Amino acid sequence: MRGGAGAPGGIRVTFLGTGTSTGVPVMTCECRVCSSADTRDRRLRPSVLVEWDGAAVLVDTSTDLRQQALEHRVRRVDAVLYTHAHADHVFGFDDLRLFCWRQGGPIVAYGSEDTLAALRRTFWYAFEETPPGSTKPRVELREIRGPFDVGGRTVVPVPLIHGTVPILGFRIGPFAYLTDVSEIPEASYALLRDLELLVLSALRLRPHPTHFHLDRAMEEARRIGAARTVFTHISHEILHAETAAQLPPAVELAYDGLQIRLGG
């Protein structure tokens, strides 16, 4: 059973989804990636589960949260860290209600002011007064204004740019998760020193206006200098085995179900 079972003192990161907004395979597509028999080329929408000392924290509630939770036997969610409010990162919000029922209380969700406003608009029913016994998700929204504590650890928000939209990455101890990023503001590099694990989006081989492509992600990985870098948010333009074989040491592609343990 998953959820809150991380090793004492350490962090466990489980990649629930490593694809882009369409997922992979892409509907209507028969390219070599979408037709691949390699399970690493099957990518649900992007999210990770981060666990430590009994805490279980989601980064984003992807469109595929139900499937991800079933496949990885996730039984508990203590908090959600939202990077931004695009559909592939928030449309699993309603499925949080199952965790609320099981846990007997609300889940705390953290995000920027704009992200929380978008959640209130999109999932308005969750924030209106309803009769006792309602089956809506019970979520307490908390605006991120700086570093904050979750489950006894400090979460450091990392300001990023996604096209023209300000979004957030997150650092928890030796681990940082930066997805959907097209630009890292200069001040944010200081928040990314001495990482054991950097997770960074690398959408495709060709440049893209709102996401790092593979070569740009490689440049950023070299600058940040984490001990280990793992690329995520991968489209159907990247064949896992072929691309992974070309990456340098300490740099790799994520895949759904990959689990990494840090410290402890």
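**Exercise 1. In what order do the seven strands of the open sheet lie, and what is the pairing?**

Some ground rules come first. This is a predicted model: local features need pLDDT of at least 70, side-chain atom pairs count only at pLDDT 80 or more, and totals for chains, interfaces and linings use all residues. Residues are numbered from 1 along each chain as its sequence is written, and side-chain values use heavy atoms, with hydrogens and water left out.

*Solution.* 
- Strands (E, at least two residues) and helices (H or I, at least four) are DSSP runs, numbered from the N terminus. Two strands pair if DSSP finds at least two bridges between them.
- Read off the order: β7-β8-β9-β10-β11-β12-β13, with mixed pairing.
- Find the edges. β7 (148–150) and β13 (251–253) each pair on one side only.
- From one strand to the next it averages 25°. Axes here are lines fitted to C-alpha atoms, for helices over the stretch in contact, and angles run from 0 to 180 degrees between N-to-C directions.

**Exercise 2. Classify the ring pairs of Phe-93 with Phe-123 and with Phe-127.**

*Solution.* 
- Set the rule. Rings of Phe, Tyr and Trp (its six-membered ring) pair if their centres lie within 6.5 Å; planes under 30 degrees apart count as stacked, over 60 as edge-to-face and the rest as tilted. The count by this rule is five aromatic pairs.
- Take Phe-93 and Phe-123. Their centres are 4.6 Å apart and their planes at 20°, so the pair is stacked.
- Locate these two. Phe-93 is in the loop between α2 (87–90) and α3 (96–103), and Phe-123 in the loop between α4 (113–122) and β6 (139–143), 30 residues apart.
- Take Phe-93 and Phe-127. Centres 6.0 Å apart and planes at 45° make this pair tilted. Phe-127 lies in the loop between α4 and β6, so the pair ties together parts 34 residues apart in sequence.
- Widen the view. Phe-91, Phe-93, Phe-123 and Phe-127 form one aromatic cluster.

**Exercise 3. Are Phe-93 and Phe-127 buried or partly exposed?**

*Solution.* 
- Buried means under 20% relative accessible area, exposed over 50%, partly exposed in between (1.4 Å probe, protein chains only).
- Phe-93 has 0%, so Phe-93 is buried.
- Phe-127 has 30%, so Phe-127 is partly exposed.
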